[in-house]
Amino acid sequence: MHITSSFRNPSNYLINFCMSVKLGIAPIAWSNDDMPELGGDTSLEQCLSEASQAGFIGIESGGKFPKKSEELIPKLTEFKLNLCSGWYGANLRTNSVDEEKNLIQDQLKLFKDCNSPCMVFAEVSGSIQGDPNRKLSTRPQMDLEESKKYYEKISEMGKYLEDEGMPLAYHHHMGTVIETEEDTVRLLENTHDSVKLTLDTGHMLFAQGDSLKILNDFSERLIHMHCKDIRKSVLEKSLKEDLSFRGAFLEGAFTVPGDGCIDYKPLFDVLKEKNYSGWLVVEAEQDPAKANPFEYAKIGYKYLTETLKLSGIEIYKS
């Protein structure tokens, strides 16, 4: 593998790779785990090959990825890719912390073996993100009493994963209990600092939030970033008609950076100021039959490399 365990030590970031970021991509453009019919016939090998050819050095995990490191590491090595994290859907609202610790063990071992820098962690209890019949306005919410208990649980989970060398990088997500800027801020303000952040620019904008403010106010918690763009006209339609999450992305709400309405230059300027040296991951739920994954991967890579250069941020290449 190309990434050593030192990538999980923040002190080594500044020593070895001062102000250089690493570019990765999510496999969801090739095969959608929530809708297997989208990219169902696309092989893992095609996904890995095209991600590497597009210029990326990392990829997040997906449903078609081997679940054992002795099988996954050779695949990643073959295509000169690193595992740069992946999704974990938690049920801490209903499970005890001990139950969740037991459930996460296989993925935790896989990620540790592959030297992933963090675990993208989201609460999916009651989530409506996969239900085509549920409007986004009906997503779950927590009252004050439940919130306090939840923050205690996720703080305990954050401390556990930190001790395991696999930081919890919380992902706010449409259709879930932590969706909006307000939800995200409240979570970060009321949890232990071991609970880190995956900022997803597309989800934050969809929820009418401000990614720039989050970056400025919580840069010390940011350890992972999903660069997802939005087609403004589809977003406006999705909000006006209160579409389901699945309906919105099938309409084409999401796309790669450079093909939507988000200007990443101000965001990258803040990353430069804050000396961020983690991963930037291109991610966009799209129908691969309508949006060729390889072509869009190249669009996202080109935009990020050009915009990062404008902000004076170097890209780690190896």
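Cavities and aromatic rings in a predicted model

The second largest cavity is lined by I28, N32, D34, Q129, G130, F245, R246, F249 and E285. A cavity here is a set of points, on a 1 Å grid over the protein atoms alone, where a 1.4 Å probe fits but cannot get out, and lining residues have an atom within 4 Å of a point. This is a predicted model, in which local features need pLDDT of at least 70, side-chain atom pairs count only at pLDDT 80 or more, and totals for chains, interfaces and linings use all residues. Residues are numbered from 1 along each chain as its sequence is written, and side-chain values use heavy atoms, with hydrogens and water left out.

The lining of the second largest cavity divides into three nonpolar, three polar and three charged residues. In this division Ala, Val, Leu, Ile, Met, Phe, Trp, Tyr, Cys and Pro count as nonpolar, Asp, Glu, Lys and Arg as charged, and the others, Gly among them, as polar. The volume of this cavity is about 40 Å³, where a volume is the space filled by probe spheres set on the grid points, which are joined across faces, edges and corners.

How many cavities of 30 Å³ or more does the structure hold? There are two. The largest has a volume of about 80 Å³, and its lining includes I25, V256, E283, Q286 and Y296. Ten residues of that lining are nonpolar, one is polar and one is charged. Helix α12 (residues 293-310) gives the largest share of this lining, three residues; helices (H or I, at least four residues) and strands (E, at least two) are DSSP runs, numbered from the N terminus.

Now to the aromatic rings. Across the whole structure, a search finds eight aromatic pairs. Rings of Phe, Tyr and Trp (its six-membered ring) pair if their centres lie within 6.5 Å; planes under 30 degrees apart count as stacked, over 60 as edge-to-face and the rest as tilted. One of the pairs is F121 with Y170, tilted, at 6.5 Å centre to centre and 50° between the planes. Because F121 lies in strand β5 (residues 119-123) and Y170 in strand β6 (residues 168-171), the pair ties together parts that are 49 residues apart in sequence. Both F121 and Y170 are buried (under 20% relative accessible area, with exposed over 50% and partly exposed in between, for a 1.4 Å probe and protein chains only).

F206, F245, F249 and F254 form one aromatic cluster. Of these, F245 and F249 also line the second largest cavity.

Definitions and conventions
1 Å grid on protein atoms, 1.4 Å probe; cavity = no way out; pocket = protein on both sides within 12 Å on 5 of 7 lines; lining within 4 Å.
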